[in-house]
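Here are my notes on the model you sent over. Have it open while you go through them.

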Amino acid sequence: MASPVMASNPAIFGAKKEFGFAPCSSPSIMRHRLPRRALNKVLAVVAPARSPGAPSASGSVKHAMTMTEKILARVSEKSHLEPGENVWVNVDVLMTHDVGGPGTIGIFKKEFGQNARVWDHEKIVIIPDHYIFTSDERANRNVDILRDFCLEQNIKYFYDIKGLSNFKANPDYKGVCHIALAQEGHCRPGEVLLGTDSHTCNAGAFGQFATGIGNTDAGFVMGTGKLLLKVPPTLRFVLDGEMPNYLLAKDLILQIIGEITVAGATYKSMEFVGSTIQGLNMEERMTLCNMAVEAGGKNGVVPADEVTFKYLEDKTSENYEPVYSDDNARFIGEYRIDVSKVEPLVAKPHSPDNRALARECKDVKIDRVYIGSCTGGKTEDFLAAAKVFLASGKKVKVPTFLVPATQKVWMDIYSLPVPGSGGKTCSQIFEEAGCDTPTSPSCGACLGGPRDTYARMNEPQICVSTTNRNFPGRMGHKEGQIYLASPYTAASSALTGYVADPRDFLM
Amino acid sequence: MATTAMAAAAISATPSTVKNSFYACNNHAPFLSSCRPRLSFHHRLSSSPLTLPSLSAPKYSPIHRHCAASASSKVDASIANFHGPCYVLGDNIDTDQIIPAEYLTLVPSKPDEYEKLGSYAFIGLPSAAYSTPFIASGATKTGFPIIIAGANFGCGSSREHAPVALGAAGSRAVIAESYARIFFRNSVATGEIYPVECERVGLWKECTTGDIVTVELGENRLINHTTGKEYKLKPIGDAGPVIEAGGIFAYARKTGMIAAPSN
């Protein structure tokens, strides 16, 4: 079960030296030389040694910074900082949900007083999403705790739900927090977003610093609007090449995690650049950054560009200021990926870095398919799945569960025409393919949840899933086996009843 | 057993510890000295609706187990050492195994639910690989005050329920090769458990669940009495005093950064 963990690199505080390209096992990563035009003059070097006892940042030696360093410098009101420094940052947005919220609120009240007020009632976004459509009393009580607090504190952004039998009757309710944050315009370039959820790194797709924290840290932020953070060094991932029509961002991030392992980016920032990235839409960029934490990453980040600005046009009227890595910023490592050589992948049980080619797992008979979560339950993810079902025209061979991330995604599934289908919606295509009816939007069974959660794995079964983790027991049963995959691969697998390669349907 | 008390400020961290030491600053001084005056929350809070420090202790603070009444500001040697049977795990023990998601409806800041969380610690471990349960059937506390693990302990979710469950169950320290960052942060912030790193890769393979061990934080040493082997630990560094105080809030109050609760 244990996957190889790369030796940590303590050399960040060691002497400055060249860091060669990391060894790789797959042909798509880094075998080719740098293109002549050299996307940037980034040198993959290690940060220079800092002598213990020397005063920090005399200011006389300024050098280039990466995106993450720049964002943290700005929010900590420093002109310059370096990886390894601990800095107090001003938080732009704090997010919490029904699992982290009650504990955070408890700590806030205990530590700041029963009558304390939050630091800024417009900067806290509270999103019930994890255990919503359940009869579990504690879960329901936890949403009530959030509501009481929001009323008391006059929290501006609370996406409440009261009537569990019909989510559509709850206009405020959104669904999965990370997607709701994006759709509601809370993700903005250059800002700091912290959330009581590991996949808060999802928002890095917007060129901001976003990371997950625990209840205690969040309670601290609630009262003060600040947090002490250690500046991470940045790993740069340059993805070039035209995206093949059978690949999705999920394949790219599985490729990367498989390469560097579940601890390869621990305490590091993961920066995704390159021509392939520029061609990705916002939801695909989110999928990429979403799983940075699965590599141990502190945050993932994609530079903001026209795609970002266009997405934000109708979502926020707040001013924002994007930042970009300097040309000669220093990165602790650089990986180059030739996307044209990447093939559809899965992460086999029981680790997100247990990478395998989908085509080499075709003998794995499966029991079910799950399409949902912040990672794989967005509108683009469902459009992708629909594309495969459309191309096939056949019915699924195993129960196929569809869990839209948010109300908006659910509505898109029922209203957006699928290209090439003659005007059919995703929902129609799913119905014709024999999938389960798309269910109420929430985190659902991505993390198992209370026993009555829709699509929870209560038997030891084999599931192909568009979610983000496959550790033992992740979706419920401890002996359940989860193959992480893209929506293309998941849909293809549903059609064959085995782990499948989407090229069998899309080419 | 160590006879020297662990002086909080005196521990100098090695570079690789600084990497993981929650509050370590590059000049190795206690972290507050490198914070600018305008970040002193005490000043900030006195101008806000929050009132000045209250003199009464919180009614119930399950998290502040370590705040034993002591006249001395030095760390009590008995707190800095842990002794007893160890529970041994491999690499990449993730948060779903430490505390499965179905138990996350329990709110750690509620005392009775805190205790319940503890009773479910490590219930997610596959029984085929881990035949000895961390908590005996029918019990709510663990018999293993020390956990020994491989690399990347605590990977996965940001759920603070993970270190809380371990602390509530009665464990005092984890000795692992390395930690996932959110788990490490949460352990320090809550003060629930010491996330100690060992020097030796593969240490977990040389220990067996049930071995009697001693962890001497002040000496940076792990002794396995059953095998007779000793191991070097990386200094806990500036994270130590934070955990010692009972977590980030207690530490921040102790050092004057923030005021005590307003009522």
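1. Start with the sheet in chain A of this predicted model: five strands form an open sheet in the order β4-β3-β2-β5-β6, with parallel pairing. At the edges sit β4 (157-158) and β6 (209-212) of chain A, each pairing on one side only. Strands here are DSSP runs of E, at least two residues, and helices are runs of H or I, at least four residues, both numbered from the N terminus. Two strands count as paired if DSSP finds at least two bridges between them.

2. Strand β3 (residues 124-127) of chain A runs parallel to β4(A), and two bridges join them. Across that pairing, A:Ile126 stands opposite A:Phe158 in β4(A).

3. Over in chain B, how many residues of helix α6 (residues 181-190) are buried? Ten of its ten, among them B:Phe183, B:Phe184 and B:Arg185. Buried means under 20% relative accessible area, with exposed over 50% and partly exposed in between (1.4 Å probe, protein chains only). After α6(B) comes B:Gly191, with a positive phi near 70 degrees.

4. On confidence, the predictor gives the complex an ipTM of 0.82 and a pTM of 0.83. Chain B averages a pLDDT (the predictor's confidence in each residue, from 0 to 100) of 76, and 70% of the residues score at least 70. Residues 1-78 of chain B stay under 50, yet the model has 152 contacts (heavy atoms within 4.5 Å) for them beyond four places in sequence.

5. Housekeeping: residues are numbered from 1 along each chain as its sequence is written, and chains are lettered from A in the order in which they are written. Local features need pLDDT of at least 70, side-chain atom pairs count only at pLDDT 80 or more, totals for chains, interfaces and linings use all residues, and side-chain values use heavy atoms, leaving out hydrogens and water.
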